[in-house]
Amino acid sequence: MDRALTAEPVAGNSAKHPEPHSEPPLRPRRRPAAWAAGLLLVVPAVISACRLLDTDGISPVPQLLAVLPWLSVPAGLAVLLAAFAGRRALTLLAVVVLGAVGWSSLPYMPQLVTAYGLPITRVTVLAANVEYGQATGALTEAIRRERPQLVFVSECDPACGRALTTAFAAELPHHTSVDAGGASGSVLLSAYPLTDRRVIPAVMGMPGATAEIGGMPVRLQLAHPLPPVPRQVDAWKRELGRIADAARDEPGPLLLAGDFNASQDHAAFRRILDIGHLSDSARLADTSRTPTWPMEGPLPPFAQIDHVLVSRNFTVRDVRFLDLAGSDHRAVLASLDLRGER
């Protein structure tokens, strides 16, 4: 009888202390926070994974890669919501995704690049998209103020081309162009004589030529591939691939500038840098995250898609970004030193 009486409290004690769970059940008010955290993680996780795997994927991945650094906002909010919900596994996952976004957003390529040889001459390069010629007047003012020796102009229709070549017949007397309307026209203006004019096949004009600068032949190439909008992502990749091929086939000094419709977060753009042994002048000037687009519309500028790429024959002194009234792009102004043999 004493044993039975003694056993009852033990059984009652054990009922009062259930085994702890690894994850406590969600309180009703915190369940929406956990669901919201999970949903917020989807896009940052997928896009940072594509960046780390070095692929542009299919739509909408190329479009979302343009806003990769900004995906730290939903990822950071997911961390807070998961922690508020008390879900340890979800919080850890959110922290990992936030770290992946941060790591993926680091500037591409080293900032210090060794250039051999003594400086031969200083070259100022201006790359501008004038949006169907609408910013021709603003670009004219910028050229007069900054006095570049090389000007790469995208979306320059025939009227724009005539205006620029006439206005700078003395300062920039040499030019090559693709004469077309709308976004397809482009012109390259030069203070140096041009030879070996060639055009990369593309929907929008991409003219190129060789300039004699300081006694050295320098290949100049304007870049303006299609934008990666839905239904033409394959064409965008193909045209960026042609630019990469042109860079790979050029063994000497090379300047490749224009509206690339791609940022450093796009694999197709990084292949141009790698294949051509090129550097983005903005990266060398520590300005590789300065946005150049869109300068019009409801959204603030969020992506740098306008670039001046240089071979190792150049060192970068300075890079600035110029607002052009009438254009949805900022122009890129790069001050460079061309270096000769050792």
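The chat below goes through some helices and residues of a predicted model.

Student: Where do I find Val 43?
Tutor: Val 43 sits in helix α2, which covers residues 31-52.

Student: Is Val 43 buried, partly exposed or exposed?
Tutor: Val 43 is partly exposed, because its relative accessible area is 36%, and that label covers values between 20% and 50%.

Student: Which residues form a nonpolar patch on the surface?
Tutor: Val 42, Val 43 and Val 46 do, and together they have about 210 Å² of accessible area.

Student: New topic, helix pairs. How is a pair of packed helices described?
Tutor: By the angle between the two axes and by the distance between those axes.

Student: OK, what angle do α6 and α7 pack at?
Tutor: About 20°, with the axes of α6 (residues 136-146) and α7 (residues 158-167) 10 Å apart. Angles under 35 degrees count as roughly parallel, so α6 is roughly parallel to α7.

Student: Is the crossing of α6 and α7 left-handed or right-handed?
Tutor: The crossing of α6 and α7 is right-handed.

Student: And at what angle do α4 and α5 cross?
Tutor: At roughly 165°, and the axes of α4 (residues 72-85) and α5 (residues 88-104) come within 8 Å. The cut-off for roughly antiparallel is over 145, so α4 and α5 are roughly antiparallel to each other. The crossing of α4 past α5 is left-handed.

Student: Last one, Ala 235. Buried or exposed?
Tutor: Ala 235 is buried, because its relative accessible area is 15% and buried means under 20%. Ala 235 lies in helix α8, residues 233-248.

Student: How far apart are Ala 235 and Pro 225 in space?
Tutor: Their C-alpha atoms are 8.6 Å apart, and the two are ten residues apart in sequence.

Technical notes. Residues are numbered from 1 along each chain as its sequence is written. This is a predicted model: local features need pLDDT of at least 70, side-chain atom pairs count only at pLDDT 80 or more; totals for chains, interfaces and linings use all residues. Side-chain values use heavy atoms; hydrogens and water are left out. Patches are made of residues with over 30% relative accessible area and no salt bridge: like charges are joined within 9 Å, nonpolar side chains (Val, Leu, Ile, Met, Phe, Trp, Tyr) within 5 Å. Accessible areas come from the Shrake-Rupley method with a 1.4 Å probe; for residues, only the protein chains shown count as cover. A salt bridge is a side-chain nitrogen of Lys or Arg within 4 Å of a carboxyl oxygen of Asp or Glu. Helices (H or I, at least four residues) and strands (E, at least two) are DSSP runs, numbered from the N terminus. Buried means under 20% relative accessible area, exposed over 50%, partly exposed in between (1.4 Å probe, protein chains only). Axes are lines fitted to C-alpha atoms, for helices over the stretch in contact, and angles run from 0 to 180 degrees between N-to-C directions. Angles under 35 degrees count as roughly parallel, over 145 as roughly antiparallel, 65 to 115 as roughly perpendicular and the rest as oblique. A crossing is left-handed if the near helix is turned anticlockwise from the far one by less than a right angle, and right-handed if clockwise.
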